[in-house]
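Subject: Structure handover and findings

Hello,

Here is the structure for your files. Notes on what was found in it follow below.

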Amino acid sequence: MTNPLLAPSPLPYGLPPFADLQDADYAEAVRAGLAEHLAEIEAITGSSAAPDFENTAVAMERSGGLLNRAVSAFMTLVSSHGTDGIRALESELMPELSAHEDAVYLNRALYERFAAIPVEGLDPESERLVSEWLAAFRRAGIALDDAGQERLREVNAELTRLGTEYGQRVAKGINEAAVLVTDPAELAGMPEDDRASAAEAAHAAGHGSGWLLTFIQPTAQPHLAVLEDRGLRRRIFEASVSRGSSGGETDVLDLVTAMARLRAEKAELLGFADFAELAVDDQTAPSISAVEDMLGRLAPAAVRNAAGEAAALAEAAGHELEPWDWAFYSAKVRRERYSVDEQALRPYFELDRVLEDGVFFAAGKLFGLTFRERADLTGYHEDVRVWEVLDADGSGLGLFLGDYFARPTKRGGAWMNSLVEQSRLLGHSPVVINNLNVPKPPAGEPALLTLDELRTVFHEFGHALHGMLSDVQYPRFSGTNVPRDFVEYPSQVNEMWIFDPDVVANYARHHATGEPLPAETLARLDAARLWGEGFATTEYLGASLLDLAWHRLRRGEEPQDALAFEAKALADAGVSVPLVPPRYRTGYFQHIFAGGWYAAGYWSYIWSEVLDADTVEWFKENGGLTRANGDTFRRELLSRGNSRDPLASFKAFRGRDADVAPLLARRGLD
């Protein structure tokens with residue numbers, strides 16, 4: 001049979017025909033795409049015509065169609081349905097893809113053609129395309145001599161291998177960390193639907209009986225907030241924080257120290273003091289010292305607030321507080337002080353209703369979008385749902401895929417990715433995916449969300465909107481292809497609609513009775529808004545500052561003892577709080593070590609939040625959930641991608657540069 005990936009998909013919007021694909025098809029298509037792309041580049045560099053915008057820049061934007069199609073489909077499975085076969089292919093293909101990227105960006109003939117393109121008279125987006133390509137060549141090492149380039153290729157290849165191995169060990173480790181409970185008495189406090197999900201998980205894992213408490217990627221595990229059994233809470237906490245650092249085949253500390261050494265060497269090769277300086281070079285932040293100054297301003301206030309919360313929790317507990325007690329007594333204090341019981345809210349946050357009547361409803365009010373589920377279209381797993389997205393005029397905008405349930409083949413966390421990126425040049429409409437890891441309920445039972453999961457649904461859909469509402473000429477600038485410290489901004493803004501009066505009234509209804517979430521409950525939630533911000537900000541800053549510590553190392557400074565280095569880094573940064581461990585520890589900090597997209601950049605969440613908090617104030621000042629406001633946000637920001645300087649897009653939208661005051665107030669740091 002012909003490999004379906006070798007030709008453009010016949011399905012609507014270019015959705016890959018996953019149902020017709022075998023594992024071997026991905027490998028064949030990726031390798032065919034690599035060869036085809038190199039041939040396309042050779043045709044560009046071998047042209048006898050003088051370099052110009054069309055025959056060089058546009059030709060490069062048009063190139064790589066097969067490769068992009070194959071890689072986007074394959075990498076979706078790597079993250080979302082990484083079977084043993086797919087994981088084996090990942091180990092094979094990732095080094096080949098890394099080598100190909102070097103072959104493109106270290107191609108001197110290609111660089112010289114770009115450098116020779118006349119830019120006079122080009123429109124702003126086209127002129128930016130040339131400048132962004134040239135900047136990417138320089139950051140990739142085009143100025144190095146032959147020996148330097150050869151060493152850089154070796155470093156990149158080894159980093160890719162190590163990062164792939166790190167991700168696979170962490171994925172295995174999160175499954176192995178799950179805690180099996182055989183005594184039902186230990187589950188006191190756990191809601192019945194969570195018990196049912198845990199029983200299903202135990203059965204799926206091959207246990208004859210019992211309840212399997214599966215993990216999410218961060219340190220803090222949701223079960224800690226409800227379980228009354230202190231011993232079980234301790235088992236869960238200790239299993240969580242020891243992932244990747246307790247010896248055995250899932251230990252990653254050897255990989256981490258090797259990556260730290262190689263990243264420091266790479267930075268040195270490229271003329272930077274350390275990897276953090278290299279990483280910030282293409283961000284909106286002006287320098288890594290500006291980032292450190294900001295984090296340094298926030299840390300003391302956050303730790304002080306966390307200490308105040310800890311005192312209240314110790315009083316509520318009546319005994320010395322331990323890290324595995326925090327979430328349980330925090331929920332208790334929230335109930336007593338504010339009459340807010342997060343577990344009692346879950347029946348009002350049923351997943352399907354949150355999606356259809358919350359997330360999609362808000363997008364309709366803001367942007368005129370409608371969503372039509374397409375049962376005739378399938379994804380890469382039976383849990384994936386597909387919606388066609390229609391614009392305000394009824395025209396087809398693209399596809400949205402939702403993959404919300406946890407499974408052993410899916411990596412932890414939540415994310416958005418694109419299967420097809422919008423581009424007017426290529427005539428492509430967007431196909432985007434949201435992934436979460438909500439425990440899957442038994443068949444026929446509702447999926448009830450925690451507040452954190454509710455927030456994540458809205459957050460990830462903000463990324464999806466960024467991809468779906470893109471309106472750019474060139475694929476390089478499409479949707480979320482923006483600097484890392486800007487990419488979280490639109491997703492954070494979308495969280496503001498969770499408790500907007502019109503939105504919450506439309507979706508927050510008891511799944512069994514249909515009763516709306518009482519207005520007084522919403523008022524109590526608002527009153528409790530700052531409770532827990534000390535913990536949340538401190539655990540986030542701990543991870544951010546740990547990330548920077550690893551990437552401020554210079555060549556030869558990598559530690560022999562990774563955990564000792566971690567402890568010292570947190571202490572030196574003023575965020576060593578035993579009761580509040582970092583959101584991610586070195587052993588499972590997938591953001592920065594598996595693939596490295598957030599390497600030396602986990603701080604970008606709070607950098608983006610400055611823009612987000614200021615934007616929320618703009619919406620409030622201008623009437624909130626209206627089409628006029630949505631259209632302005634779409635026109636000036638969401639549709640622009642990276643087709644102009646993202647901070648210029650923010651300024652065009654807001655009318656000025658961002659103000660940090662709303663962020664400080666939101667987190668109780670003012």
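Is Ser339 buried, partly exposed or exposed? At 44% relative accessibility, Ser339 is partly exposed, where buried means under 20% relative accessible area, exposed over 50%, and partly exposed in between (1.4 Å probe, protein chains only).

Before the rest, the conventions. This is a predicted model, in which local features need pLDDT of at least 70 and side-chain atom pairs count only at pLDDT 80 or more, while totals for chains, interfaces and linings use all residues. Residues are numbered from 1 along each chain as its sequence is written, and side-chain values use heavy atoms, with hydrogens and water left out.

Backbone

Ser339 sits in the loop between α13 (326–338) and α14 (342–345); helices (H or I, at least four residues) and strands (E, at least two) are DSSP runs, numbered from the N terminus. Its phi is near 55 degrees, a positive value in a residue other than glycine. Ala600, which is not a glycine either, has a positive phi of about 60 degrees. Ala600 belongs to the loop between α22 and α23 and is buried, with a relative accessible area of 0%. For context, most residues other than glycine have a negative phi.

Cavities and a pocket

The structure has two cavities of 30 Å³ or more. On a 1 Å grid over the protein atoms alone, a cavity is a set of points where a 1.4 Å probe fits but cannot get out; a pocket is an open set with protein on both sides within 12 Å along at least five of seven lines; lining residues have an atom within 4 Å of a point. Grid points are joined across faces, edges and corners, and a volume is the space filled by probe spheres set on the points.

The largest cavity has a volume of about 60 Å³. Its lining has nine nonpolar, two polar and no charged residues (Ala, Val, Leu, Ile, Met, Phe, Trp, Tyr, Cys and Pro count as nonpolar, Asp, Glu, Lys and Arg as charged, and the others, Gly among them, as polar). α17 contributes the most, with three residues, and α15 (351–367), α16 (451–468) and α17 (484–494) each supply at least two. Phe367, Trp497 and Phe633 are among the lining residues.

The second largest cavity holds about 50 Å³. Four nonpolar, six polar and one charged residue line it, including Met416, Glu421 and Thr480. Strand β6 (residues 415–420) gives the most, with three residues.

The largest share, three residues, comes from α23.

Packing

Helix α2 (residues 53–62) packs on helix α6 (residues 124–140) at an angle of about 75 degrees, with the axes 11 Å apart. α2 is therefore roughly perpendicular to α6 (65 to 115 degrees; under 35 is roughly parallel, over 145 roughly antiparallel, the rest oblique). Axes are lines fitted to C-alpha atoms, for helices over the stretch in contact, and angles run from 0 to 180 degrees between N-to-C directions. Phe53, Ala57, Met60 and Glu61 of α2 meet Ser126, Leu129, Val130 and Trp133 of α6, contact meaning heavy atoms within 4.5 Å.

Leu579, in the loop between α21 (562–572) and α22 (590–593), has its C-alpha atom 8.0 Å from that of Ala310, 269 residues apart along the chain.

Regards
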